[in-house]
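Try each task before you read its solution.

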Amino acid sequence: MFLLLLFLILSSFVLVRLFLYRTALIYGLKKWAHWVEDRIHVHQYLKVPELNDNSQENQFYNKVSTYLKSLPSIEDSDFTNLFSGKKSSDIVLTLDGNQTVHDVFLGARVSWKNDVVERKTFVLRIKKKDKRRVLRSYLQHIHTIADDIEQRCREVRLFINAAQADCNGRWRSVPFTHPSTLESIAMDSDLKNKVKSDLESFLKSKQYYNRLGRVWKRSYLLYGPSGTGKSSFIAAMAKFLNYDVYDVDLSRVFDDSDLKMLLLQTTAKSVIVVEDLDRFISERSTAVSLTGLLNFMDGIVNSCCADEKLFVFTMNNKEQIDPVILRPGRIDVHIHFPLCNFNSFKTLASSYLGLKDHKLFPQVEEIFQSGATMSPAEIGEIMIVNRSSPSRALKTVITALQTNGAAAAATGKVGRRLSDGSSARPAEEESVGESSGLLGKDSLPAMKELRKLYGRLRMKSSKQVGPSDQDSGLIER
């Protein structure tokens, strides 16, 4: 028995050695074949120095460096440097000095050497017979991959226009760390998919816009009562696209020319935001004229600043706004953010309380159907305060809804909800869908009364927390 066990162990050891020897032999043969192939063919060498002739940074050198870090074959290099990435858990591999990494593109085998003898330079070696066929496409491929990697890894920033300029101009910036995402937004799933589809289509539409002779930009109007999540939705859009956010404060803009200069100083891949536009227009609390605003939205200046921008404007009510502001081209997509309904309530309950269903849900649905409603921010705050007891949270929401419904009924001005849906259109059209969920104009006094009653209800709570923005909305043309 012992001899049999020993025989099995020895046999396994021999088989493992043979397998490793065979693997090493195959690797050696491939390496020898590549060596022979390199001696047979004539190669051409192309250098990519870190600095240009004027000792300025060569942007293409950075793109090549980013591209080479993404190659799986960099792990096969004899010497590779390991660095921590932006996140503590990330490890980045970089090519050591005078080391070579291989790549294959369209069947052509090329190699890159990190030459550091005189000055930092990447040296591309390519067969002359492959140069005409693949070189131009290969360099464009490097550009595309590097841009995609940089876009995914770049730090998104929030820019705010200051009253006075400094050495960096009028814009001040901080890291944009808003936690909102499209997945966390309390919004109808069909609507959310339409928005995602529209944004994704915009990202891929550069050639389409160029063919049409139009500036590569898209404009959104988010409108609805306060507390319905318009600002959170802007943050979610910016994070989904990985775009910087430029928050334009019109009260700090001196005149029409100043607004143009601010726009010219924005960068590509950014979201230009003007919040509460209806308030600035109705109160005339900005030095910008209507003509200046219209030129900012779709004037000639847009063609002179960087491409690939989203313009997002928010309003509480668009009914009194001049139609020339809302026409397609200035506003391409209208998204209404109504007060909470039962579907958005269920999304909030799932996010805030972890509830997919509850015995009190039918009662909540019945109250919503009676016409009572609140903003997502108000319901979200109640759920935060009572998050330790989901049942108590739901009962508090029911009480608040009943109080609001009674106040609205007492004034005889219950909000009306109208809706009609239509199928999504392609992103190149003026909107991604048509529907509305408009609150009746006469319900505004009732809503003020509701907020007063809701404030009294909150005073009964022993805890105080900040409001939370959640979203629901309907897209309309």
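**Exercise 1.** In which strand is Arg218 found? Then work out whether Arg218 is buried or exposed.

Solution. Keep in mind that you're looking at a predicted model. Start with the location: Arg218 sits in strand 9, residues 217-223. Next, check the accessibility: Arg218 has a relative accessible area of 3%. Buried means under 20%, so Arg218 is buried. Finally, look for a partner: the Arg218 side chain makes a polar contact with the side chain of Asp198, at 3.0 Å.

**Exercise 2.** Find the salt bridges that Asp130 forms with Lys129 and Arg133.

Solution. First take Lys129: its side chain meets that of Asp130 in a salt bridge, 3.5 Å from N to O. Then take Arg133, whose closest N and O atoms to Asp130 are 3.4 Å apart. Arg133 and Asp130 are three residues apart in helix 3 (residues 128-153), so about one helical turn separates them.

**Exercise 3.** Describe how helix 11 and helix 13 pack.

Solution. Begin with the geometry: helix 11 (residues 342-353) and helix 13 (residues 376-385) pack at about 35 degrees, with axes 10 Å apart. Their crossing is right-handed. Next, list the residues: Phe345, Leu348, Ala349, Tyr352 and Leu353 in helix 11 meet Pro376, Ile379, Gly380, Met383 and Ile384 in helix 13. Last, sort the residues of this contact: nine are nonpolar, one is polar and none is charged.

Notes
Residues are numbered from 1 along each chain as its sequence is written. This is a predicted model: local features need pLDDT of at least 70, side-chain atom pairs count only at pLDDT 80 or more; totals for chains, interfaces and linings use all residues. Side-chain values use heavy atoms; hydrogens and water are left out. Axes are lines fitted to C-alpha atoms, for helices over the stretch in contact, and angles run from 0 to 180 degrees between N-to-C directions. Helices (H or I, at least four residues) and strands (E, at least two) are DSSP runs, numbered from the N terminus. A crossing is left-handed if the near helix is turned anticlockwise from the far one by less than a right angle, and right-handed if clockwise. Contact means heavy atoms within 4.5 Å. Ala, Val, Leu, Ile, Met, Phe, Trp, Tyr, Cys and Pro count as nonpolar, Asp, Glu, Lys and Arg as charged, and the others, Gly among them, as polar. Buried means under 20% relative accessible area, exposed over 50%, partly exposed in between (1.4 Å probe, protein chains only). A polar contact is a pair of N or O atoms within 3.5 Å; within protein, one must be able to donate a hydrogen and the other to accept it, and residues adjacent in sequence count only if both atoms are side-chain atoms. A salt bridge is a side-chain nitrogen of Lys or Arg within 4 Å of a carboxyl oxygen of Asp or Glu.
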